[in-house]
Amino acid sequence: MQRQVFHADLFEECPHRLWCVAARRDGDHLERLAAQLVLQRVEHRHFLAAGRAPGGPEIHHRHLAGIVGQRGLSALGGVEGDDGQRLGRGVELQLLHVAGAQPFQLGPVLQPGGDHLRGVFHGDPADRCNCTGGDGRIKHQGPFQTHFSSEGTDMGNDSSNQMWGGRFSAGPDAIMEAINASIGFDQRMAAQDIAGSRAHAAMLAATGILSDSDAEAIRKGLLTVLSEIEGGTFQFSTALEDIHMNVEARLKDIIGEPAGRLHTGRSRNDQVATDFKLWVRDQFDAAIEGLQALIRALLAQAEAGADWVMPGFTHLQTAQPVTWGHHMMAYVEMLGRDLSRMKDGRERMNECALGAAALAGTSFPIDRERTAKALGFDAPCANSLDAVSDRDFALDFLNAASICAMHLSRLSEEIVIWSSAQFRFVKLSDRFSTGSSIMPQKKNPDAAELIRAKIGRIMGANVALMTVMKGLALTYSKDMQEDKEQVFDAAESLLLSLAAMTGMMADLKALPENLQAAAGSGFSTATDIADWLVREKGMAFRDAHHVTGAIVALAERQGKELHQLDIKDMQALCPDINDSIYSVLSVENSVASRTSYGGTAPVQVRAQIARWEEKLKE
């Protein structure tokens with residue numbers, strides 16, 4: 001009971017306690033405890049969606065959990081009550097079957113039906129389903145009884161075999177169908193799939209492989225399918241496995257026999273590679289736009305604070321004074337490299353797999369260049385084996401996304417630190433902060449913290465796909481179906497993070513007074529003393545370093561900052577020092593003197609801002 005999932009009042013025993021468990025009845029038999037415990041075990045085996053934060057991971061296999069639950073009866077065994085006695089298997093069986101029959105609303109009572117149980121549903125009794133605990137295959141007790149998946153599709157017929165042809169004589173096992181289906185997540189590639197099919201049909205007609213009338217029927221039919229999907233009226237079927245077969249099956253419903261000619265000269269292997277490339281290419285484009293927007297927000301911050309002094313850190317200890325603008329431009333450079341990686345990845349991936357067919361190409365006289373051009377690719381893939389087995393484009397995206405997320409995480413960390421009461425370098429807007437339910441004074445940098453955490457999901461996706469691909473011989477293997485969910489989730493996480501960081505940086509208010517006060521603390525201009533001794537007195541740098549260290553020790557003993565030291569005290573340590581040394585002890589003079597290319601001097605910061613503004617126009 002320590003892991004209780006369901007409320008204690010959800011199930012109570014009914015008067016005939018040995019036969020059923022019913023809702024909200026009085027009684028004190030251990031059937032109630034059995035119901036709770038079994039439901040907990042079933043719930044913990046479910047593949048539940050992870051809250052869609054944001055959008056994933058997109059696991060829609062709840063029907064699989066029910067099927068697995070039905071198979072796990074022997075492993076589950078008996079449920080023991082307070083007295084250690086085994087309670088009825090009937091209770092366990094009934095409740096496990098409840099988990100598997102999700103599409104239906106349960107009636108008030110679950111009744112036993114022999115070796116297996118039949119749920120009493122609201123609706124036509126002919127629609128009830130019966131699943132055996134033996135061989136696990138769907139068994140009908142009447143001509144109209146069917147078993148439905150979570151999407152409401154008939155899992156008891158052999159519709160899956162229609163896509164495989166005459167090689168198979170029996171329908172798939174329910175578990176096989178559940179683990180094999182990808183429609184729960186690859187339906188998001190519907191637009192790309194239909195675009196690829198339209199280009200393929202147009203090419204088949206142009207080469208004379210397909211008649212113009214069939215091509216026109218296919219074109220119109222595909223547009224109808226797309227409108228249904230975008231309108232939310234399309235019924236996706238787990239039995240049809242994936243987006244490709246769902247679209248083709250619906251196309252056949254609409255236009256009839258010509259739909260069967262669409263698959264001429266292609267395979268699902270090159271089709272899925274093409275669809276996935278089109279989808280990933282869109283994510284490259286979106287990431288490029290997101291990075292450009294964030295860079296512009298940082299450039300605006302840099303321009304506003306090109307003269308504001310602040311401490312620069314090493315080891316999170318005050319090192320030397322820098323300018324706010326210079327600090328912002330450091331992130332511009334990081335994100336600029338991310339932008340370059342995204343552009344490189346997009347250019348490298350822009351070859352079309354369509355026409356590679358299953359793995360060896362096709363004997364039909366297709367025009368792959370025409371198809372590639374129609375879909376916006378630079379050229380067709382040059383090797384059919386590589387075309388259907390390549391997922392480097394997805395890994396390129398995940399690699400670039402991982403590095404970018406790491407950069408966003410570093411900036412997020414600084415925002416969290418800077419906005420704290422101990423630093424007070426910046427003030428966050430209310431739009432990108434949250435409060436506390438108990439402490440009214442709190443203003444939490446939750447947006448920054450969540451962005452900081454996204455690197456875990458994105459880098460995890462990168463590792464996951466690399467692991468999937470690492471041991472696969474050429475060409476296509478079903479393992480590669482596991483390539484998409486990670487990429488889908490990583491892309492959404494990255495794009496959301498870029499948007500959130502852009503908004504946060506656009507609203508961020510730096511506090512120049514606090515920045516300047518902190519810039520002079522911690523003897524931040526000590527290096528300027530050493531440089532002055534070298535430049536003005538010709539001292540070797542190592543000797544100047546030693547003298548400066550002694551001056552810093554003196555300031556520590558006296559509890560003063562460097563610019564507060566008396567000249568006589570410094571001359572006691574080095575007679576060559578004169579009053580002009582105070583000119584380098586101000587933080588403003590320190591940063592102004594750093595005029596080397598890429599330095600923190602305001603003149604250099606503004607030059608770099610101008611350079612980046614020009615680059616963004618390219």
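Modeller: Start with burial: a residue counts as buried when its relative accessible area is under 20%, and as exposed when that area is over 50%, with partly exposed in between. Note that this is a predicted model.

Colleague: Is S497 buried or exposed?

Modeller: S497 counts as buried, because its relative accessibility is 5%. The residue sits in helix 17, which covers residues 484-507.

Colleague: Which residues is S497 in contact with, leaving aside neighbours within four places in sequence?

Modeller: With those neighbours set aside, S497 touches L408, I451 and K454.

Colleague: How should I think about the nonpolar interior?

Modeller: In soluble globular proteins, nonpolar side chains tend to be buried together. Here the largest nonpolar core has 75 residues, and M342, F397, L494 and M505 have the most contacts inside it. Elements that give two or more residues to this core include helix 11 (268-304), helix 12 (324-349), helix 16 (446-469) and helix 17.

Colleague: Which helix gives the most to this core?

Modeller: Helix 15, with 15 residues.

Colleague: What is M342 in contact with, leaving aside neighbours within four places in sequence?

Modeller: Beyond those neighbours, the contacts of M342 are F284, A287, I288, L291, F397, A400, A401 and L494. Two of these, F397 and L494, are also named among the core residues with the most contacts.

Colleague: And the surface: which residues make a nonpolar patch?

Modeller: L359, L385 and L474 make one of about 270 Å². L385 belongs to helix 14, residues 384-389, and counts as partly exposed because its relative accessibility is 34%.

Methods. Residues are numbered from 1 along each chain as its sequence is written. This is a predicted model: local features need pLDDT of at least 70, side-chain atom pairs count only at pLDDT 80 or more; totals for chains, interfaces and linings use all residues. Side-chain values use heavy atoms; hydrogens and water are left out. Patches are made of residues with over 30% relative accessible area and no salt bridge: like charges are joined within 9 Å, nonpolar side chains (Val, Leu, Ile, Met, Phe, Trp, Tyr) within 5 Å. Accessible areas come from the Shrake-Rupley method with a 1.4 Å probe; for residues, only the protein chains shown count as cover. A salt bridge is a side-chain nitrogen of Lys or Arg within 4 Å of a carboxyl oxygen of Asp or Glu. Helices (H or I, at least four residues) and strands (E, at least two) are DSSP runs, numbered from the N terminus. Buried means under 20% relative accessible area, exposed over 50%, partly exposed in between (1.4 Å probe, protein chains only). Contact means heavy atoms within 4.5 Å. A nonpolar core is a set of buried Ala, Val, Leu, Ile, Met, Phe, Trp, Tyr and Cys residues joined through side-chain atoms within 4.5 Å.
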